[in-house]
Amino acid sequence: MKVSCLQMNMKLGCPEENFAHAEQLICNAMKDNPDVLVLPETWNTGFFPKENLAELSCKDGDEVKSHIGALAKQYGVNIVAGSVSNVRDGKVFNTAMVFDRDGKCIAEYDKTHLFTPMGEDDYYTCGDHLCRFTLDGVRCGVIICYDVRFPELTRSLALQGLDMLFIVSQWPKERIFQLRTLTTARAIENQMFVVCCDSCGTAGKNVYGGNSSVIDPFGKTLALAGENEEIISAACDMQILSGIRGSIPVFRDRRPKLY
């Protein structure tokens with residue numbers, strides 16, 4: 001499975017411009033014939049405009065489903081459409097949406113852990129469910145940014161059977177080493193591929209660090225972006241999963257009664 005991360009530099013509080021830019025990046029990424037495209041966190045609004053957030057947000061994901069779903073169908077590609085600021089039932093959620101090659105939205109996930117140091121919990125509502133789905137026969141899951149700091153979330157997904165984890169994020173440049181460390185750890189400890197699509201550029205005083213990556217279950221980095229906007233791609237050999245899981249059987253050797 002070939003995966004491409006669209007490390008996007010979006011404009012804070014400018015959803016129309018961001019939708020147009022995301023469409024252009026998707027078009028450019030298709031030159032590499034990927035199986036899956038991945039966008040970063042809250043690419044429609046940036047992270048995050050505190051004034052008029054609800055007005056700037058998608059309404060029940062309709063804009064994403066109509067625009068990104070149409071592009072998935074047009075190009076015949078799976079799209080993990082990052083996450084967007086999204087109003088549903090009068091509340092704003094940080095929502096990830098996933099589209100298959102037919103343009104159908106097959107999964108939605110609301111960010112579980114909101115980043116309290118930046119007041120995300122004052123403006124967004126946290127999610128109440130995990131998210132698993134299948135793309136081209138590969139068992140996948142998605143989490144959003146701060147979620148990666150909670151290993152029990154990823155392990156809960158892994159215990160349900162997972163081959164590839166998508167992480168979409170807006171991670172600050174000053175802590176980018178932590179993102180690299182956490183994503184690598186999640187791949188090794190859960191014996192799965194991890195695909196992290198981060199943002200770049202600035203939003204107000206915040207500078208985001210890029211470094212999107214594709215990591216295999218051994219912890220090897222298959223592709224790594226720099227700090228600026230770019231598209232990275234990597235081919236993930238799913239056949240290696242059975243080998244590592246057989247040689248180092250961490251799931252068989254777990255002792256959950258002690259945890």
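Author: Let us begin with pairing: two strands pair if DSSP finds at least two bridges between them, where strands (E, at least two residues) and helices (H or I, at least four residues) are DSSP runs, numbered from the N terminus. This is a predicted model, in which local features need pLDDT of at least 70 and side-chain atom pairs count only at pLDDT 80 or more, while totals for chains, interfaces and linings use all residues. Residues are numbered from 1 along each chain as its sequence is written, and side-chain values use heavy atoms, with hydrogens and water left out.

Reader: How do you know that strands β8 and β9 are paired?

Author: Five bridges join β8 (residues 138-144) to β9, and the two strands run parallel; in one of these bridges, Val142 has Phe166 of β9 as its partner.

Reader: What makes the unit of β8, helix α5 and β9 right-handed?

Author: A crossover is right-handed if, with the strands pointing away from the viewer, the path from the first strand over the helix to the second runs clockwise. The β-α-β unit that β8, α5 (residues 151-159) and β9 make has this hand.

Reader: Why is strand β9 called largely enclosed?

Author: Buried means under 20% relative accessible area, against over 50% for exposed and in between for partly exposed (1.4 Å probe, protein chains only). Five of the five residues of β9 (residues 164-168) are buried, so the strand is largely enclosed by the rest of the structure. Both of its faces are covered, with Met164, Phe166 and Val168 on one side and Leu165 and Ile167 on the other.

Reader: Why is Gln191 called buried?

Author: Gln191, in the loop between α6 and β10, has a relative accessible area of 2%, and is therefore buried. Leaving aside neighbours within four places in sequence, Gln191 is in contact (heavy atoms within 4.5 Å) with residues including Pro217, Leu241 and Phe251.

Reader: What makes helices α1 and α3 roughly parallel?

Author: Axes are lines fitted to C-alpha atoms, for helices over the stretch in contact, and angles run from 0 to 180 degrees between N-to-C directions. Angles under 35 degrees count as roughly parallel, over 145 as roughly antiparallel, 65 to 115 as roughly perpendicular and the rest as oblique. The axes of α1 (residues 15-29) and α3 (residues 62-75) cross at roughly 15°, and the helices are therefore roughly parallel to each other.
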